[in-house]
Amino acid sequence: MNDMTISDSIRYIGVNDKTLDLFESQYPVPNGVTYNSYVILDEKIAVLDTVDSRATGQWQENLEHVLEGAPVDYLIVSHMEPDHAANIRNFALLHPETRIVGNAKTFSMIEQFFALDLTDRKVEVKEGSTLELGKHTLQFFMAPMVHWPEVMVTYEQTEKILFSADGFGKFGALDADEPWEDEAARYYLNIVGKYGVQVQGLLKKAAKLDIRLICPLHGPILRGDLTHYLDLYQTWSTYRPECHGVLVAYASIHGNTARAAEVLEEQLKKCGEENVERLDLTRTDVSYAVRKAFYYDRMVVAAATYDGGLFPPMEEFLLHIRSKNYQQRRVGLMENGTWAPMAGKAMRAILESMKAIEIVEPVVSIRSALNEDSRNTLQTLAMEMTKQAEG
């Protein structure tokens, strides 16, 4: 039973899932994930969102335990992604008295996912619409493309709670012993990161509200001083770095490019760079690498040439950060090739298609292994990465 009291009237009925290995079939979740759902008990009862089909049984048990046989007046649908909406049809059939609350896009998606006639049961809301439950009043704000077009958030005016849909979520079960920031950042940057402009729009709406608690659809409820969480979302959604430092991301086939990355790290530190992190892209899941790329204000990418182009782990990494709107960074290049180095050209082409990326010269070109000439160029690159940042 996962029944948690948020207040006298509001209960958490979500489910921890520690059996899931890949969130959205691509992001590793070593500490699981939560599917969050809430109930407001008032003159009229409202359930806020369902859960993934993987958690149907436990969620229904949690729900019925809280309801104690009472009818549900409203089901609020914040987001139609199946990890939150998979049980809409099941719920609607089990609770024929319940009216379904969503916006116009919500209902068009419900029709796509389910064979469900809601003609006499839907309550369509718009920006700023309110719904009275008794002592509680729900107000709805549209959050298109955060990160689907139908997304909306719900503000409960009496207890000053923002039900934030996928906003402010994180990977990890509720009992995961880990900092909120790391897995919240990996979650945000990989899932919502492309839509910084839209997140900024939502943050402006939130700034006008008096918010005491944030209840997301994944991860823990955020309490106390919310400034820290809001400031991080401001940073992430404007693509600003969190740390003054250099990420050295490398993709090496036989170890020579990896050795060059080690030497570069040493040289950067000799130049006075305190924060340097080396990341092996052949051994690191790309979702973690994306988080690290956005964390630092500078990056050096080092890769071997492969089949006349770019070694795939590096190509995958660069395409991922481009798809998440990587920008406003200074980036150095190191390439390696035994007979025809092409990695530098390929990396530059991808990076130059991004916004506000400065390629730091010189490009280090290695022929198989570091020699005196390429080592000297590497030292120059280290100085340039540091000197220009300080200037």
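**Cavities, aromatic contacts and side-chain contacts in the predicted model**

The largest cavity has a volume of about 50 Å³. The structure is a predicted model, in which local features need pLDDT of at least 70 and side-chain atom pairs count only at pLDDT 80 or more, whereas totals for chains, interfaces and linings use all residues. Residues are numbered from 1 along each chain as its sequence is written, and side-chain values use heavy atoms, with hydrogens and water left out.

Two cavities of 30 Å³ or more are present in the structure, a cavity being a set of points, on a 1 Å grid over the protein atoms alone, where a 1.4 Å probe fits but cannot get out, with lining residues having an atom within 4 Å of a point. Grid points are joined across faces, edges and corners, and a volume is the space filled by probe spheres set on the points. The lining of the largest cavity is made up of Val-146, Gly-167, Phe-168, Val-192, Val-199, Leu-202, Leu-203 and Tyr-233. Helix α6 (residues 196-207) provides the largest share of this lining, with three residues; helices (H or I, at least four residues) and strands (E, at least two) are DSSP runs, numbered from the N terminus. By class, the lining of the largest cavity comprises seven nonpolar residues, one polar residue and no charged residue, where Ala, Val, Leu, Ile, Met, Phe, Trp, Tyr, Cys and Pro count as nonpolar, Asp, Glu, Lys and Arg as charged, and the others, Gly among them, as polar. The second largest cavity, with a volume of about 30 Å³, is lined by Tyr-38, Leu-48, Asp-49, Ser-78, Phe-163, Ser-164, Ala-165, Cys-215 and Leu-217, and these lining residues divide into six nonpolar, two polar and one charged.

Across the whole structure, 18 aromatic pairs were found, with rings of Phe, Tyr and Trp (its six-membered ring) taken to pair if their centres lie within 6.5 Å, and with planes under 30 degrees apart counted as stacked, over 60 as edge-to-face and the rest as tilted. Phe-168 and Tyr-233, which both line the largest cavity, form a stacked pair, at 4.1 Å centre to centre and with 25° between the planes. Phe-168 is placed in the loop between β15 (161-163) and α5 (180-192) and Tyr-233 in helix α7 (residues 227-237), so the pair ties together parts that are 65 residues apart in sequence. Phe-168 is buried, with a relative accessible area of 6%, and Tyr-233 is likewise buried, at 3%; buried means under 20% relative accessible area, exposed over 50% and partly exposed in between (1.4 Å probe, protein chains only). Tyr-233 also forms an edge-to-face pair with Tyr-188, at 5.0 Å centre to centre and with 65° between the planes. Because Tyr-188 lies in helix α5 and Tyr-233 in helix α7, this pair ties together parts that are 45 residues apart in sequence, and Tyr-188 is buried at 0% relative accessibility. Ring pairs join Phe-168, Tyr-188 and Tyr-233 with Trp-180, Tyr-229 and Trp-236 in a cluster.

Charged groups also sit over aromatic rings, the criterion being that NZ of Lys or CZ of Arg is within 6 Å of the ring centre and within 35 degrees of the ring normal. The charged end of Arg-186 is placed over the ring of Tyr-288, 4.0 Å from its centre, and that of Lys-122 over the ring of Phe-107, 5.3 Å from its centre.

Polar contacts were defined as pairs of N or O atoms within 3.5 Å; within protein, one atom must be able to donate a hydrogen and the other to accept it, and residues adjacent in sequence count only if both atoms are side-chain atoms. Asn-371, in the loop between β22 (355-366) and α12 (372-390), is partly exposed at 41% relative accessibility. The side chain of Asn-371 reaches the backbone nitrogen of Ser-374 at 2.9 Å, and one of its polar atoms lies 3.1 Å from the backbone nitrogen of Asp-373. Within helix α12 itself lies Thr-386, which is buried at 4% relative accessibility and has a side-chain polar atom 3.1 Å from the backbone oxygen of Ala-382.

Technical notes: 1 Å grid on protein atoms, 1.4 Å probe; cavity = no way out; pocket = protein on both sides within 12 Å on 5 of 7 lines; lining within 4 Å.
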